[in-house]
Amino acid sequence: MIMTQVTLEHIRAARERIAGKIERTPTVLSQSLSEQLGAQVHLKLEHRQTTGSFKLRGASNAVASLSAEEKAHGVVAASTGNHGRALAHAAKLEGMRAAICMSRLVPENKLDEIRRLGAEVRIVGNSQDDAQQEVDRLVAQEGLVMLPPFDHPAIIAGQGTLGLEMIEQVPDAALVLVQLSGGGLASGVAAAVKGVSPRTKVIGVSMARGAAMKVSLDAGHPVLVEELPTLADSLGGGIGLDNQLTFAMCRDLLDDVILLGEDEIAAGIRHAYAQEREIVEGAGAVGIAALLAGKVKASGPVVVLLSGRNIDMNAHRTIVCGEAPSLKERAA
Ligand SMILES: *Cc1c(COP(=O)(O)O)cnc(C)c1O
C-alpha cells in the first residue's frame with residue numbers, strides 16, 4: 001500500500017462538498033486520435049469547466065472547507081492565472097472576500113478578468129516573489145487565509161474529483177494522461193484513478209522548458225528550475241523547495257512523465273481546434289500533443305485530459321494558422 005496524505009476518501013468527501021458548485025464535464029471519443037493510436041482515445045473536456053479550467057474544483061473545495069471564522073476573514077493567493085480566477089469565483093459564490101496578488105508585469109487583460117469575478121487585485125513589485133510578500137502581509141496583518149495553487153490537501157482533493165469522473169466515464173481505462181506542473185492536479189487525479197482502478201496507469205505530461213517536477217523527481221528532491229517562456233504557460237513555475245505533499249505523491253503515484261517541445265505543443269493546440277473543434281490553451285493540449293508526437297504506447301483505452309482553455313485568442317489564431325507565435329504574443 002502506498003501511503004499518501006490525500007486519499008480516495010478525502011476525494012470522495014470533496015466531491016460531496018463541491019457538488020452543484022462545479023460542472024461535471026463530458027468525456028468524448030476522438031475518432032482521429034483513436035485511429036492514429038490504434039486504441040480508443042477519450043478526451044475529458046474539462047476546459048469547458050466554469051472559469052475555463054479544472055482549478056475551480058480545488059479552489060471550491062478549499063473555500064468550502066474553511067471554518068466560519070476563516071470565511072469571515074476571506075482568502076488570498078498570489079496568482080496570475082487560472083488559480084486566481086478560480087479562487088475569485090469560488091469566494092464570490094460563498095460571499096467571501098478574495099484578494100489576488102500579482103506583480104506589475106501581469107498584462108492588463110488578466111487583471112480585468114479577475115476583477116470582473118469580484119476579487120480585489122493587488123499589484124505589487126516586479127516578480128511573483130514580490131506578490132507573495134504581499135500575500136504574507138495580508139495573512140499577518142488582516143487575517144486572510146492563504147490558499148496556494150497546488151501544495152494543499154483540500155486543493156489536491158478537489159482536483160482529484162476530476163480523476164473520479166474520468167474513471168467513472170471510462171471504467172476500463174488502461175492509461176490516463178494528465179498535465180504536470182506543481183502537481184496538485186496529477187496527485188489528485190492519480191490518487192482517485194488508482195484508488196478506484198489500481199491497474200490503470202497515470203502518466204504526467206509537461207513542457208520540456210522548465211519542467212520543475214520532472215527535474216525534481218529525477219533528483220529525488222525538490223529542485224529550483226529556471227522559468228522560461230512556453231506555450232504551456234499554465235504549466236510554468238516551480239514546485240517549492242519546501243514542498244509538503246505533491247512531490248511525494250507524484251513520486252509514489254505517477255507511472256512516468258513525458259516532456260514536450262514547443263512545436264509539439266503547438267501541434268496539439270492545432271489538432272484540438274481543427275480535428276476536435278475545441279479551443280484549448282497550451283497546457284490544455286499537452287496530452288493530445290504527447291499522442292501526436294508518438295510518445296505514448298497503449299494496449300487499451302486512453303483518457304486524455306484537456307485541462308484549460310484560457311489562451312489569448314490572438315495567439316490562438318496565430319498558432320492554428322500554422323505560424324510560430326512571437327514571444328510577445330505568448331506573454332500576452
Ligand atoms: C494549473 C494548471 C495545470 C497544472 O496543474 P498543477 O496542479 O500545477 O500541476 C494544468 N493545466 C492548466 C490549464 C492549469 O491551469
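Reply: Buried means under 20% relative accessible area, exposed means over 50%, and partly exposed is in between. Please keep in mind throughout that this is a predicted model.

Me: Fine, so how many residues of α3 are buried?

Reply: In α3, 10 of its 10 residues are buried, and the helix is mostly covered; among them are Lys 55, Arg 57, Ser 60 and Asn 61, along with Leu 56 and Val 63.

Me: And what covers the buried residues of α3?

Reply: The cover includes α1 (8–18), α4 (68–73), α5 (82–93) and α8 (153–169).

Me: Which side chain meets Arg 57 in a salt bridge?

Reply: That is Glu 165, with an N to O distance of 2.9 Å. Arg 57 lies in helix α3 and Glu 165 in helix α8, so the pair ties together parts that are 108 residues apart in sequence. Arg 57 counts as buried because its relative accessibility is 0%, and Glu 165 is buried too, at 3%.

Me: Switching to Arg 48: where does it lie, and is it buried or partly exposed?

Reply: Arg 48 lies in the loop between β2 (41–45) and α3 (55–64), and it counts as partly exposed because its relative accessibility is 41%. Its side chain meets that of Glu 278 in a salt bridge of 2.7 Å, N to O. This pair links distant parts of the chain, 230 residues apart, with Glu 278 in the loop between α12 and α13. Glu 278, at 11% relative accessibility, counts as buried.

Me: What else is in contact with Arg 48?

Reply: Leaving aside neighbours within four places in sequence, Arg 48 is in contact with Thr 25, Pro 26 and Arg 309, as well as with Glu 278.

Me: Now Glu 281, which is buried yet has no salt bridge: which side chain of opposite charge is nearest?

Reply: The nearest is Arg 85, which is 7.5 Å away. A salt bridge needs a nitrogen to oxygen distance within 4 Å. Glu 281 does have a polar contact of 2.6 Å between its side chain and that of Ser 234, and its place is in the loop between α12 (262–274) and α13 (286–292).

Me: Last one, which residues form the nonpolar patch on the surface?

Reply: Tyr 273, Ile 279 and Met 313 form it, with about 260 Å² of accessible area together. Met 313 lies in helix α14 (residues 313–320) and is partly exposed, with a relative accessible area of 43%.

Conventions
Residues numbered from 1 in each chain as written. Predicted model: local features only at pLDDT ≥ 70, side-chain atom pairs only at ≥ 80, totals over all residues. Heavy atoms only, no water. Helix = DSSP H or I, 4+ residues; strand = E, 2+ residues; numbered from the N terminus. Buried < 20%, exposed > 50% of the residue type's maximum accessible area, 1.4 Å probe, protein only. Lys, Arg positive; Asp, Glu negative; His and termini not counted. Polar contact = N/O pair within 3.5 Å; in protein donor to acceptor, adjacent residues only side chain to side chain. Patch = residues over 30% accessible without salt bridge, like charges linked within 9 Å, V, L, I, M, F, W, Y side chains within 5 Å. Areas by Shrake-Rupley, 256 points an atom, 1.4 Å probe, with all protein chains shown as cover. Contact = heavy atoms within 4.5 Å.
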